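Visitor: I'm new to this one, could you walk me through it?
Guide: Gladly; here it is.

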Amino acid sequence: MKENVNDGSTPIHLRAGGTSLVIAVDGGRLPRILHWGPDLGALGDDALADLHRAALPAVGDSAVTYPQPVPVLPQLAEGWLGRPGLVGDADGRRWAPKFRDATHEVDHADDGPVLRSTALDPEYGLAADFEIQVLAASGLVRQRVAVRNDTAAPYRIDSLELALPVPSDASEILDLTGRWALERVPQRRPFHVGEWVRASRGGKPGLEHTMLLVAGEAGFGFRHGLVWATHLAWSGNQVLAAERTPAGTRHLTAGEVLLPGEVVLGQGESYRSPWQYGSWGAGLDDLASRFHRHLRSRPQHPRSPRPVVLNTWEAVYFHHDLDTLTALAERGAEAGAERFVLDDGWFQGRRDDTSSLGDWTVDPAIWPGGLEPLVARVRELGMDFGLWFEPEMVNLDSDLAREHPEWIFDGGHGPGLASRHQHVLDLGHPDAYTHLFDRISGLVGSLGIDYIKWDHNRYLLDAGHTPDGRPGVRRQVEQAYRLMAELKAAHPGLEIESCASGGGRVDLGVLEFADRVWPSDCNDPHERLEIQRWTGLLVPPEMQGTHIGAEESHTTHRTHPLDYRAEKALWGHLGIEVNLLTADDETHAALARWIAFHKEHRALLHSGDVVHADLADAAFRLEGVVARDRGEALYAFSVVERPSTWPPGRIRLPGLDDERHYTVEAVHPGSAPAAGAVLPPWQRDGVTLPGRALRLVGIEAPSLDVDRSVLLRVVSVPAAS
Ligand code: GLA
């Protein structure tokens, strides 16, 4: 149902999923958000008009002292002196756009109400079409804009950023940084006047990227304090900023980073920005749950039980042979694996990482009978089959690079710096695209591949499209999306994992096509706890690959017992990434018990609400998943460093129903606590308590060494009379 908006004196109120978005649309001006956050309930026109007046500041004597609220596309020509919304020009002219004469229409779409606004800059011959939506399933806000050039003179866009305002009590910023094998490290700072800017320029968000930029009330945590965050649904260059001006504006901006000349609009052509998403919450858990609910509400969200993966990478690396891999598959199936993923090393000439990327044919030297015998055995064992590709990459030492050097990006100085000995194939060449599609699709079809681990290990640097050297990064992202979409269309049921040296391509853009992400190449459970916790701000557990790695971590060289490694992998899309052929029978049996436990509980783990306790002592972590109906939950209490006090005190269990009674018991799917271990009394026989008591009083934390955890199973029971 569509509704034309009144004369503009009454703001628009979009309400859905527990969120209110109140938007001023008066005076033909661009949409200006007056409130983004908790649902305000139904508001009549009078109340909305008063809310608008209530939100207007006193204006001083200068038209250049920019009065709030700021439009979603801030404009210099309207007096805005902060980060510009649109930067563009036509050969040095038409560089200070002033969109106005806006018309507005509300569309009550099934997935949530949308405000569509069209504004014009008649002098410049530009039009801007805005969409601002509140999603019904999640209460997420998202917005995008398409800018069209209506004149014969080409219009070049250098940047286009949209803004979501946050209130003045958002006084702290949280964002994430990191590196290879240590993705998503949080950092916090006061929200001072100025700009806190996080940009990615490597052709993908990157391992270091913040994924989300959060602003919140002082001291906010997972369970308390109002928080607001922005995210850009785009897998290429991008910039997120938290900006506070001396004039009182605080907002979160997001947009693509465009390279010179990447967007030049001919007459009638448009550039449409990626969706800027906004989530708010009473604490970070609430904020994250909106992203999880959104992803889960999409028709393509994986709904089948997530098959337990056996990935070959850390088991055999490049040392492929049929006998070893068959034995590994058999051992994996015994342990309960349901999907066998053959990682890097299977294709023509690929004996190490110095050569052969691009030559996507099975290596007859290693696989004289092709991959078919392995695939047949995997299927006999009742498992799916997955294969590793790195479609956008090429080694100079490959047949592909020798035959088609013109398909390799070149900004005018040759193929540029190597990284992991590799360069980037320009999918903007139609023949390169078709070649890749044919090769991958051919293998998917002939082998019946169920799953692609889609890697991307090199940043794009001077990625010029040959022969003219124009930037090709933006088109590369579009072509990668297209390749994923067309492969999925050609092979219904095909699943894709987004891996980029670990968590380098994790965003809502790629998640339109990918069914899971690989958050990190680090399988050390000490690091994984944090990496998964922070990746979880955006990605729900069932879309995060979580593998049980080797006893001695291959990336950190810490050693951990199986129980800790398995417990940390339990929560996501579980996998095994160890050489099972060297595991003794006892370890193998314990591994099988963990996998069985995961299968028993994955329906809960992959549909429930993820919760984290805010614990005062940095030595501890408590996190869990609570069923949406609050009938059951699993939690893990972990010790991550030596606490300064002992015993550790009580932990309170978040997310349960205050009114219901629950049994709480410690469960040990792998091995039982050592005989004679010192346990708090409840841990011996469990307790039954109301949710309110578990929330407010809690239970005494188990006594544990560093990098050890206890799993708590919580089940609602009828109240005792
Ligand atoms: C990247 C991935 C790893 C593995 C290797 C294979 O580093 O992140 O998981 O697939 O490539 O070369």
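Guide: Two strands pair if DSSP finds at least two bridges between them, and helices (H or I, at least four residues) and strands (E, at least two) are DSSP runs numbered from the N terminus. This is a predicted model, in which local features need pLDDT of at least 70, side-chain atom pairs count only at pLDDT 80 or more, and totals for chains, interfaces and linings use all residues. Residues are numbered from 1 along each chain as its sequence is written, and side-chain values use heavy atoms, with hydrogens and water left out.

Visitor: OK, what is the order of the strands in the open sheet?
Guide: The open sheet has eight strands in the order S30-S29-S26-S23-S22-S21-S32-S31, and their pairing is parallel. Strand S30 (516–517) and strand S31 (545–548) are the edge strands, each pairing on one side only.

Visitor: How many bridges join S31 to S32?
Guide: Four bridges join S31 to strand S32 (residues 573–576), and the two run parallel; within S32, His 573 stands opposite Gly 545.

Visitor: And which strands does helix H4 lie across?
Guide: Helix H4 (residues 322–335) lies across strand S21 (309–311) and strand S22 (339–342), and runs at about 150° to S22. Such angles run from 0 to 180 degrees between N-to-C directions, with axes as lines fitted to C-alpha atoms, for helices over the stretch in contact, where contact means heavy atoms within 4.5 Å. Helix H5 (residues 372–380) lies across S22 and strand S23 (384–389), running at about 140° to S23.

Visitor: Switching topic, what volume does the largest pocket have?
Guide: The largest pocket has a volume of about 690 Å³. On a 1 Å grid over the protein atoms alone, a pocket is an open set of points with protein on both sides within 12 Å along at least five of seven lines, a cavity is a set of points where a 1.4 Å probe fits but cannot get out, and lining residues have an atom within 4 Å of a point. Grid points are joined across faces, edges and corners, and a volume is the space filled by probe spheres set on the points.

Visitor: Which residues lie nearest the centre of the largest pocket?
Guide: Of the 31 residues lining the largest pocket, Asp 563, Ser 671, Ala 672, Pro 673 and Arg 708 lie nearest its centre. Helix H10 (562–570), helix H11 (585–605) and strand S40 (708–717) are the elements that give two or more residues to this lining, and H11 provides the largest share, five residues.

Visitor: Why does the largest pocket lie between domain 2 and domain 3?
Guide: Domain 2 (519–604) and domain 3 (610–717) both give residues to the lining of the largest pocket, so it lies between them; the domain bounds come from an automatic or database domain assignment.
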